[in-house]
Amino acid sequence: DAEEEAGLSTKLSVGRPVQWTTMFRYMDGTVAGISPEDAFSAQQAGELTLLDVRSPDDGASDIEWMNQGFFIAGTMRYGTIPGAVNVPLYSLIGGTTLFKQIRRASFSYVFGVLNGQEVRTTFVEDAMEQWPDKDTPIAIFCDSQRGTMEKAMGRDFGIRCRALQAAYYLKRIGGYTNVKYIDGGFLGWYNNEELPVDDFDDPEAKPFAQRNLPKMASILFFLIFVTTIKSGFVFIPFLFFAPQ
């Protein structure tokens with residue numbers, strides 16, 4: 001209903017993801033996978049558009065240890081699919097308010113990485129600029145190889161991935177009617193030597209450390225705040241004046 005739709009739009013506007021079970025139930029029976037080979041054939045025939053929802057900046061890490069943990073390191077560094085349009089679904093958690101600091105530090109604590117991410121609030125809007133026609137056939141892919149809408153024993157809700165999250169937002173909020181996902185994601189395509197892959201080349205993308213030293217400093221400030229509470233020292237100003 002209208003109230004539910006408004007709630008979903010509000011969640012997207014503040015970068016809050018919708019629960020996966022809600023997404024799955026909405027897409028069940030309406031969103032299907034397509035093999036990388038079939039996607040390539042349809043693309044070459046002009047019958048399908050490929051949407052890459054990976055973040056270019058995840059592929060810009062030029063320090064090897066960053067790709068072994070501590071940071072989200074996506075598959076963008078392995079290359080891109082020729083002709084695919086890149087509209088990232090996620091971006092780094094921004095802002096230096098108390099809420100953002102807590103969210104960033106919590107992400108670091110729970111997932112063990114320093115570049116916490118959130119849903120981009122303009123994702124659907126950016127996609128609509130690319131494809132004004134809501135009937136445009138679109139196949140989405142992301143970093144994950146495991147994402148699927150297929151049910152299995154003990155798996156009543158498929159397996160979540162960013163491509164499927166993007167499919168939900170495009171259908172539910174954007175109103176797109178012909179959305180698929182590529183089975184196996186980018187790596188499913190990449191591992192097929194017969195399918196073309198371009199080298200990653202984005203002059204705007206920068207290594208995580210180069211782009212985010214201020215945000216890393218703000219995380220440090222927050223951790224200092226938490227650590228020193230027990231000692232009776234409270235550094236609340238750090239939370240509000242950490243560099244953007």
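Predicted model: local features only at pLDDT ≥ 70, side-chain atom pairs only at ≥ 80, totals over all residues.
Tutor: Two strands pair if DSSP finds at least two bridges between them.

Student: What makes β2 and β6 a pair?

Tutor: Four bridges join β2 to β6, and the rule asks for at least two, so the two strands pair. They run parallel. Within the pairing, D52 stands opposite F141 in β6.

Student: How do you know that β6 and β7 pair?

Tutor: Strand β6 (residues 138–141) and strand β7 (residues 179–182) share three bridges. At least two are needed, so this is a pair by the same rule. The sense is parallel. I138 stands opposite V179 in β7, and I140 stands opposite Y181 in β7.

Student: Why are β1 and β3 called edge strands?

Tutor: The sheet has five strands in the order β1-β7-β6-β2-β3, and it is open. β1 (32–34) and β3 each pair on one side only, and that is what the name refers to.

Student: What makes both faces of β6 covered?

Tutor: I138 and I140 lie on one side, A139 and F141 on the other, and all of them are buried. Buried means under 20% relative accessible area.

Student: Why is S55 called buried?

Tutor: S55 has a relative accessible area of 11%. The limit is under 20%, so the residue counts as buried. S55 sits in the loop between β2 (49–52) and β3 (85–86). Leaving out residues up to four places away in sequence, S55 touches M76, P88 and Y90.

Student: What sits over the ring of Y90?

Tutor: The charged end of R162 does, 3.9 Å from the ring centre. A charge counts as over a ring within 6 Å of the centre, provided that the angle to the ring normal is within 35 degrees. K134 is another case, over the face of Y176 at 5.8 Å from the ring centre.

Student: Why is the F40 and W189 pair called edge-to-face?

Tutor: The angle between the planes is 85 degrees, and the centres are 5.8 Å apart. Centres within 6.5 Å make a pair, and planes over 60 degrees apart make it edge-to-face, so both conditions hold. F40 lies in helix α3 (residues 36–44) and W189 in helix α7 (residues 185–190), so the pair ties together parts 149 residues apart in sequence.

Student: Are F40 and W189 buried or partly exposed?

Tutor: F40 has 21% relative accessibility and counts as partly exposed. W189, at 0%, is buried.

Student: How many aromatic pairs does the structure hold, and which residues form a cluster?

Tutor: There are eight aromatic pairs. Y78, F141, F186 and Y190 form one aromatic cluster.

Student: How do you know that the buried residues of α3 line one face?

Tutor: In α3, P36, A39, A42 and Q43 are buried. Seen down the axis of α3, the buried residues fall within an arc of 125 degrees, so they line one face of the helix. An α-helix has 3.6 residues a turn, so residues three or four places apart point the same way. The cover over the buried residues of α3 includes β1, β2, β7 and α7. After α3 comes G46, with a positive phi near 75 degrees.

Student: Which residues of α5 are buried, and what puts them on the same side?

Tutor: F123, V124 and A127 are the buried residues of helix α5 (residues 123–130). Their arc around the axis is only 90 degrees, which puts them on the same side of α5.

Student: What do the totals for the protein chain come to?

Tutor: The protein chain has nine helices and seven strands. Of its 244 residues, 44% count as buried. Among contacts with a separation of 6 or more, 79% join residues 24 or more positions apart. The chain exposes about 12,700 Å², and carbon and sulfur atoms supply 54% of that area.

Technical notes:
Residues numbered from 1 in each chain as written. Heavy atoms only, no water. Buried < 20%, exposed > 50% of the residue type's maximum accessible area, 1.4 Å probe, protein only. Helix = DSSP H or I, 4+ residues; strand = E, 2+ residues; numbered from the N terminus. Arc of directions from axis to C-beta. Phe/Tyr/Trp six-rings, centres within 6.5 Å; stacked < 30°, edge-to-face > 60°. Contact = heavy atoms within 4.5 Å. Areas by Shrake-Rupley, 256 points an atom, 1.4 Å probe, with all protein chains shown as cover.
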